[in-house]
Number of protein chains: 2
Amino acid sequence: MADNKVYRASTTAPVNIAVIKYWGKRDPKLNLPTNSSLSVTLSQSDLRTHTTASCSPSYPTSDSLLLNGSPQDVSGARTQACFRELRTLRQALEASKPSLPKLSTYPLKIVSENNFPTAAGLASSAAGFAALVRAIADLYELPATPTELSKIARQGSGSACRSLFGGYVGWDKGTAADGSDSVAYEVAPAAHWPAMRAVILVVSAAKKGVSSTTGMQTTVATSSLFPARANETVPRRMKEMETAVKAKDFETFARVTMKDSNSFHATCLDTEPPIFYLNDVSRAAIKVVEEVNKEAGKTVAAYTFDAGPNAVIYYLEESEKEVAGLFKAMLGEKEGWEGARGSKVEANKSALEVVEKEAGVAVAGLKEGVARVILTGVGEGPLKTEETLIDEKGEPVNTVTNGS
Amino acid sequence: MADNKVYRASTTAPVNIAVIKYWGKRDPKLNLPTNSSLSVTLSQSDLRTHTTASCSPSYPTSDSLLLNGSPQDVSGARTQACFRELRTLRQALEASKPSLPKLSTYPLKIVSENNFPTAAGLASSAAGFAALVRAIADLYELPATPTELSKIARQGSGSACRSLFGGYVGWDKGTAADGSDSVAYEVAPAAHWPAMRAVILVVSAAKKGVSSTTGMQTTVATSSLFPARANETVPRRMKEMETAVKAKDFETFARVTMKDSNSFHATCLDTEPPIFYLNDVSRAAIKVVEEVNKEAGKTVAAYTFDAGPNAVIYYLEESEKEVAGLFKAMLGEKEGWEGARGSKVEANKSALEVVEKEAGVAVAGLKEGVARVILTGVGEGPLKTEETLIDEKGEPVNTVTNGS
C-alpha cells in the first residue's frame, strides 16, 4: 500500500518596512545587495501572510502554490531556488537519519493567504517568501536558524530575509560571491522597543510604473550619485541606526529614516530614464509630517517610502495623540480606523486646525489622495500556527472569500 | 548754472536656461558656485529684459530702480555690489581721462521692463541683472568685455553672468577666493548652431516653496550625494556638453541635459528637509518627452527643469513637427501660440494620438496643469537699443500697461 500521508506545517510571517533602504543588487541571481539595510518588522495582527506547506507522495508530481485562492506560477527561478535549497537541507537530514520519511522527494503543495490586499504595494513579497521558507523549513523539521533561512528567503525576494526576524532587523550585504554572508540578523527584538508604531497611508494610485527589480538595476547602471549612497552614505547610516535602535533614540531613528528614504528616491530620480515613486500625495504626506514635527518642537514622526507612493509614518506610542490623532482627524472617513488600534485613537481636531493653517494644500492633497490607512506597530517574526490552510487529505481549506 | 544733463544708455538682455545646472555656492556673498554650469541663451524676441540706465547730477541723491512700473529696493547687498563695482570701473576711467564727466558720482536711475511675467519662474533675475550691468556699463562707456562684466553680474544673481553672452555659454566655477576667475565664456555663438529651439510649458503652480538661494545652501550643507555631483558628475558632463555643442550633436546634448536636470533635482530631494521643485505636472512632461523620443526612434527632445515645475523642452528646428507640433495638438488652447513662432507650428494630431495611447494620464496631466506655453530658440546676448525707458528729463517713459 502506498504512503498517502499528507505532511503539513503552518506559519504566519510579517511584513517589514525598511528605514535604511535596500536598492541595488550586486548579484541579481542570488539577490545580493549593493548595500546593507535595516527594517522594522510590523505586527502580524495588522499585516501578515499565513502559509501552510505540505507534501505527500500522493500529490500530483509538480509543486504548486495557491495564493489568496489563485494558482501561482512556481516555475520562476526565485521560487525554484527556495524549493531547491530547502530540499537540499532536508536531503542532508534524511541522509543523516535514514528513519526519516523522504519528504524531500515528495511534491510540495503550498497554500498562502495575505490579510491585506496584495497589490497595495505593501511589501507582500517579503512576507510571502518569509512565510514560504519558514513553513517548508518547519514541514521538513530543519534545524536551521532564522539567519540560515534568511539566505534562502533572500533568493526569493531580497527583503524577505528581514521578515524572518521580529523587531529591528539588519541585513548585512556581505562580501562573499556565493552570498553565504549576506544574511539577516536581529538588531533588537520587538520587546526591546515595543513602543514603535506606524500609520500607513495607502495612496489611491495607479499601478507601479517600474518594477523594483528592473528599477534598481537601472539605477546601479546609470545613476552617477548611486555609488556615493551605496559606498559611503548607507554604511554610515547603518551604524547610526543600530545605535539609535539600541538606545531607543527616536529622534535619531526618525531623522535617519527620513534622510535615507529621500536618498533612495534621489538615486531613483538620478536614474536614466528617471524613476518616480513619490507623487504629489507622497509630497503632501512629507509636508504634513514636517508640520507635525515643527508643531511638536521635536521629531515625533518619520516618513519613509518604498518603491511606491504609500507613506509609512513611524512614531512612538507616547506621540499617538500628535501623530495618529492628527491623521484620524484628517482622514477619519477613510477605511482602516475600525480595528482595535484605530478605534482607540482619538481624533485630534486642534492639531488638524494648526496643520491646516500651515499646510492646507498638503492636507487637502491627503484627503483627496489617500485611499485607506493601516495602523500598526513593531511586531514579532514568523509564528508557528495550528491553523492550517490544507486539510488532512491535502485539499485547500476554503477560508478566502475575496480573491484579491 | 548746475549741470542738469541726463546721461542714458539702454540695452536688452536675454534669459538663459542651463543644461548643466548651477546649484550650490562655495561663497554666498560673491555668488561663487560649487560647480561649473552651461546654458543656452534664449531669443530676446520671446523673453527679454529691457533696461535703461541713467544718471544725472540733478537726480535725488539715492539710486533707484523701477521694474515693470514698481519701485524696487536697491539697498540689498547684491544690487549694491553691482552698482559699486561698476562705479569703481568708471572712477578708474575718469581718473585716467580727467575730461570725462564724473558720472560715477551721480545717482543712478534705472528703469526695467520684462516682456514676460516676472513671477512665472523664468529666470527673470538672470536677464534682469545682465541688463542692469550691461546698461550701466554702456552708460559709463566702460571698455570692459562681457567676460569682465560677467564677474559683476554674477554678484547680482549667479546665473546672470551667463546672460551676458548669446548662444551656448559656460560659467567656469573658478578657484580664486576673490571670484576673479569665476566668469562666463562663450562655448559657441548662436550662429554656430542656430537650429536649437525650446518650448516652455509654464505650469499653473503655487509660488515657489523654497527660494533657490536658501535651497542650494541647505543642499550643500546636508545632502550626502551632493559632493559626488559637484566634484565628479558635473566636471565630466561639462566636457561632454561642450563637445556636443561644438559638434552639434543633439542626441548627446539632449541626454546630458536630461540627466543633469534629474541629478540636480535628486540632490534637492536628498536635502534635509527635502526640496521638491518637480510636481506631478513636471513628471507628466518628462513622461511625454520620453514617449516622443521613443516614437521618433531617437532623441529629438530634451526636458530640463530649473528651481520650479516649468518644463523647458529643447529640440531642433528639424524636429518641430514631432515636438512643437505634438504640444500644439495637445495644448493648442493655451496661451502662447499666437506669436510668429507659434502660429507657424502645425498641430500634429497623429503624434498626439500615439502619445495618448502610451501615456494618456500624462497627457491629461499636462492639459490640466499647463497654464501657457512659450516658444523660443537660441538667441543673441545683450543688445544696445535706442528705445529708451527714461526721457531726456529723467522721467520714466510710460510703456508698461500691466504691473506684473
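Domain 1 of chain A and domain 2 of chain A bury about 2,900 Å² between them, with 69% of this area on carbon and sulfur atoms. Buried area here is the accessible area (1.4 Å probe) that two parts lose on being put together, summed over both. In domain 1 of chain A, the residues that lose the most area to domain 2 of chain A are A:Val19, A:Lys21 and A:Trp23. Together they account for 29% of what that side buries.

The model is predicted: local features need pLDDT of at least 70, side-chain atom pairs count only at pLDDT 80 or more, and totals for chains, interfaces and linings use all residues. Residues are numbered from 1 along each chain as its sequence is written, chains are lettered from A and ligands numbered from 1 in the order in which they are written, and side-chain values use heavy atoms, with hydrogens and water left out.

The domain assignment of chain A gives domain 1 (7–190) and domain 2 (196–377). Such bounds come from an automatic or database domain assignment. The centres of the two domains, taken over C-alpha atoms, are separated by 27 Å. In the contact between them, 30 residues of domain 1 of chain A meet 43 residues of domain 2 of chain A. Contact means heavy atoms within 4.5 Å.

A:Lys21 forms a salt bridge with A:Asp306, and their closest N and O atoms are 2.6 Å apart.

On the side of domain 1 of chain A that touches domain 2 of chain A, β2 (16–20), β5 (37–41) and β11 (184–188) of chain A give two or more residues. Helices (H or I, at least four residues) and strands (E, at least two) are DSSP runs, numbered from the N terminus. By class, that side has 18 nonpolar, 8 polar and 4 charged residues. Ala, Val, Leu, Ile, Met, Phe, Trp, Tyr, Cys and Pro count as nonpolar, Asp, Glu, Lys and Arg as charged, and the others, Gly among them, as polar.

A:Ser261 lies in helix α6 (residues 250–269) of chain A. A:Ser261 is buried, with a relative accessible area of 0%. Buried means under 20% relative accessible area (1.4 Å probe, protein chains only). Not counting residues up to four places away in sequence, A:Ser261 touches A:Lys21, A:Tyr303, A:Thr304 and A:Phe305.

Chain B and chain A bury about 2,300 Å² between them, 55% of it on carbon and sulfur atoms. Each chain gives 28 residues to the contact. The rule finds 4 salt bridges across this interface. B:Glu272 forms a salt bridge with A:Lys259, the closest N and O atoms lying 3.1 Å apart. Polar contacts join 11 residue pairs across the interface. On the side of chain B that touches chain A, α5 (226–246), α6 (250–269) and α7 (280–296) of chain B each supply at least two residues. The largest share, 8 residues, comes from α6(B).

How values were computed. Salt bridge = Lys/Arg side-chain N within 4 Å of Asp/Glu carboxyl O. Polar contact = N/O pair within 3.5 Å; in protein donor to acceptor, adjacent residues only side chain to side chain. Buried < 20%, exposed > 50% of the residue type's maximum accessible area, 1.4 Å probe, protein only.
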